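Hi,

Here is the structure I promised to pass on. Have a look at it first, and then read on for what turned up inside.

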Amino acid sequence: MTTPASLTVDLNALSHNFHALEAISGAPAHPVVKADSYGLGAVPVAKRLMAEGARTFFVARLAEGVALRAALGPEPTIYVLDGCVGDAPAALKAADLRPILNHGDQLTAWRSAHGGACGLQIDTGMNRLGFRVEDAPEPFEGLELVMSHLACADDPAEPMNRRQRDAFAAAATRYPGVTRSFANSGGCFLGADYAFDTVRPGICLYGGGPEARPDDRLKPVAALTAQVLQLRDVRAGESVGYSRGFVASMPRRIATCGAGYADGVLRSNGGEGQVWAAGALRPILGRVSMDVIAVDVTGADVTLGDTVELFGANRMLDDAARAAGTIGYELLTSITPRVPRRYVG
Ligand SMILES: *Cc1c(COP(=O)(O)O)cnc(C)c1O
């Protein structure tokens, strides 16, 4: 069966990034595998990271945790960032998941359900999830982890990073002996005083750079490729694709490639989007449509069935994201279920 668009996940590169992030931060990494590991596949990713030594994972949703527990078995610790929502205590306990308790109602619900082991989020300025520092609860039985989240970790010059770190360090003194978790991917690069006891990387495991730019200490993990379905020559004055999105001012050779917005190739690529084809970056011409894009391969040695790369080893994720006006996180999590995931390494 041909699969014009496919996502290849390099598990050796993933494990390289896992060890690199532990070395850079100086702390053990608890990988964030929410949103199906940012679209790469939470089960194969977590299994490989377990083989590399990871024993604690973070997901966002209860359902993600339930699925991960079923796949990984009883050994790893799994934290659910949403916490303990509604009738979740029973489901969390049934799957041996630990909620990150974010506010007083969650704490009450979990404790009245005799929930057991859990984590606690302190909000140090992001104003999203977590207890305000001044509302942080007394230490309690079952509390295993205290965490906070950086708002600006991708900008090392932002003074808020330091303020959040100091607020977290002070708040955590209330919970002696409880594991402290603070840095996401960007935070791993901010210095040893941001690492605390464990770090919580997501995007940099998956090949994004710490400042939304490629970083040579990390390897690309995911490659989105598409096959050339048709080649054609267009004449000067002819247009390509919907709404005459591109009009040729001189003769062009066009490769129509099998990936479109129904695969997760954002329509915003219709401006500055490029793909790697036949050894060079080449522009996407006109509109991105549901199933295909048109690529200018004028003068290039491209034949039917060749593959072009939307991002991967040759076209870095962060560069592809910037050309589409977004971030690597969104590019990865936009890849749709119809794109087969292939694992190598
Ligand atoms: C998503 C998330 C992370 C991982 O962030 P990256 O920037 O991808 O490393 C860490 N902590 C929390 C609370 C998150 O929501």
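Let me begin with the second largest cavity, which has about 50 Å³ of space in it. Bear in mind throughout that this is a predicted model. The lining of this cavity is made up of Tyr 206, Gly 207, Pro 220, Val 221, Ala 222, Phe 311, Gly 312, Arg 315, Met 316, Leu 317 and Leu 332. Sorted by class, that gives eight nonpolar residues, two polar ones and one charged.

Altogether there are three cavities of 30 Å³ or more. The largest cavity holds about 120 Å³ of space. Its lining has 13 residues, and Asn 269, Leu 310, Phe 311, Ala 320 and Leu 331 are the ones nearest the centre. Strand E16 (307-311) and helix H9 (317-323) are the elements that each supply two or more residues to that lining. By class, the lining of the largest cavity splits into nine nonpolar, three polar and one charged.

How many disulfides does the structure hold? The count is zero. Take Cys 204: the closest cysteine sulfur to its own is in Cys 188, 7.2 Å away, which is too far for a bond because a disulfide needs the two sulfur atoms within 2.5 Å. Cys 204 is also buried, with a relative accessible area of 0%. Cys 257 is buried too, again with a relative accessible area of 0%.

Cheers

Note on methods. Residues numbered from 1 in each chain as written. Predicted model: local features only at pLDDT ≥ 70, side-chain atom pairs only at ≥ 80, totals over all residues. Heavy atoms only, no water. 1 Å grid on protein atoms, 1.4 Å probe; cavity = no way out; pocket = protein on both sides within 12 Å on 5 of 7 lines; lining within 4 Å. Points joined across faces, edges and corners; volume = space filled by probe spheres on them. Helix = DSSP H or I, 4+ residues; strand = E, 2+ residues; numbered from the N terminus. Nonpolar A, V, L, I, M, F, W, Y, C, P; charged D, E, K, R; others polar. Buried < 20%, exposed > 50% of the residue type's maximum accessible area, 1.4 Å probe, protein only.
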